Structures are given as structure tokens and as C-alpha cells.
Amino acid sequence: MQTRAFRMNLNPGMAAEYRLRHEQIWPELALRDAGVVDYRIFLDEPTHALFAVLTHHDEHGLDALPGTPLMQRWWHYMHDIMPSHADHSPVSVNLEPMFCLAPG
């Protein structure tokens with residue numbers, strides 16, 4: 001298993017809409033089929049920063065997702081509520097692991 005963490009941002013006032021869209025996430029995104037085991041996104045409301053932590057199997061299909069029409073559609077759906085690139089992918093920054101207390 002591997003864990004990735006990254007930061008994104010929301011446009012001000014979009015927290016409720018972001019939560020709603022994720023509560024209604026399209027089942028066809030099939031993140032579990034791509035190897036995702038656990039995916040959590042946290043909001044720091046004062047800064048509008050989103051912190052995501054994603055755990056996936058060592059063998060996964062995550063790297064292929066950005067090129068799929070379905071992921072392109074999801075990005076288009078989300079681009080109006082968060083900073084996005086020209087291709088509508090969310091602006092994100094990978095976070096460097098600094099400490100881990102693993103189960104054990």
C-alpha cells in the first residue's frame with residue numbers, strides 16, 4: 001500500500017457545494033477499481049485549502065485516470081468551484097511526508 005497527500009484550494013464560499021458534489025460523486029468514477037483503498041479530503045475553512053490523503057494498492061490504475069473522458073468530465077464539473085488549470089484539472093500540490101504513526 002502507498003499513501004499520497006496533496007493540497008488543493010476552493011473558491012471562497014464554495015465549501016457547501018464542494019461537499020454536495022462529493023456526496024453525489026458519480027459511481028462510474030470507480031476509484032476503487034483504479035486501486036484506491038481510502039481517500040479523504042479535509043477543508044481548512046479560513047484558508048479555503050483542501051488537504052487530500054489517498055491510499056492505494058501498490059499496483060493501481062491511478063496514473064491512467066487523467067486521460068480518461070470520465071475524469072475530464074469530472075474536472076469540468078468541478079472547475080467552477082476551485083482553482084483549475086486550462087484543461088480543468090484542479091491546481092494541486094503534492095505534500096511531502098514528514099511524520100507517520102502507522103498502525104501496528
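## Exercises on a predicted model

Serine 89 sits in the loop between H2 and strand S4 (93-94). The model we will work through is a predicted one.

**Exercise 1.** Decide whether serine 89 is buried or exposed, and find which residues it touches beyond its neighbours up to four places away in sequence.

*Solution.* Start with the relative accessible area of serine 89, which is 10%. The cut-off for buried is under 20%, so serine 89 counts as buried. Next, look for contacts, leaving out residues up to four places away in sequence: serine 89 touches Trp75 and Ser84.

**Exercise 2.** Work out which residues of H2 are buried and how they are arranged around the helix axis.

*Solution.* Begin by listing the buried residues of H2: Leu70, Met71, Trp74, Trp75 and Met78. Now look down the axis of H2: its buried residues fall within an arc of 140 degrees, so they line one face of the helix. Finally, ask what these residues meet: the buried residues of H2 pack against helix H1 (15-23).

**Exercise 3.** Describe the largest nonpolar core: which members touch the most other members, and which elements give two or more residues to it?

*Solution.* The largest nonpolar core has 20 residues, and Met8, Tyr18, Trp74 and Met82 touch the most other members. Two or more residues come from each of strand S1 (2-9), strand S3 (49-56) and helix H2 (69-78). H2 gives the most to this core, with five residues. To see one member up close, take methionine 8 and set aside residues up to four places away in sequence. Methionine 8 then touches Tyr18, His48, Ala49, Leu50, Ala52, Met82, Pro90, Val91 and Ser92.

**Exercise 4.** Now turn to the surface. Find which residues form a nonpolar patch with Phe51, and state how Phe51 is classed by accessibility.

*Solution.* Phe42, Phe51, Val53 and Leu95 form a nonpolar patch on the surface, and together they have about 320 Å² of accessible area. Phenylalanine 51 belongs to strand S3. Its relative accessible area is 33%. Buried means under 20% and exposed over 50%, so phenylalanine 51, at 33%, is partly exposed.

How values were computed. Residues are numbered from 1 along each chain as its sequence is written. This is a predicted model: local features need pLDDT of at least 70, side-chain atom pairs count only at pLDDT 80 or more; totals for chains, interfaces and linings use all residues. Side-chain values use heavy atoms; hydrogens and water are left out. A nonpolar core is a set of buried Ala, Val, Leu, Ile, Met, Phe, Trp, Tyr and Cys residues joined through side-chain atoms within 4.5 Å. Buried means under 20% relative accessible area, exposed over 50%, partly exposed in between (1.4 Å probe, protein chains only). Helices (H or I, at least four residues) and strands (E, at least two) are DSSP runs, numbered from the N terminus. Contact means heavy atoms within 4.5 Å. Patches are made of residues with over 30% relative accessible area and no salt bridge: like charges are joined within 9 Å, nonpolar side chains (Val, Leu, Ile, Met, Phe, Trp, Tyr) within 5 Å. Accessible areas come from the Shrake-Rupley method with a 1.4 Å probe; for residues, only the protein chains shown count as cover. A salt bridge is a side-chain nitrogen of Lys or Arg within 4 Å of a carboxyl oxygen of Asp or Glu. The arc is that of the directions from the helix axis to the C-beta atoms.
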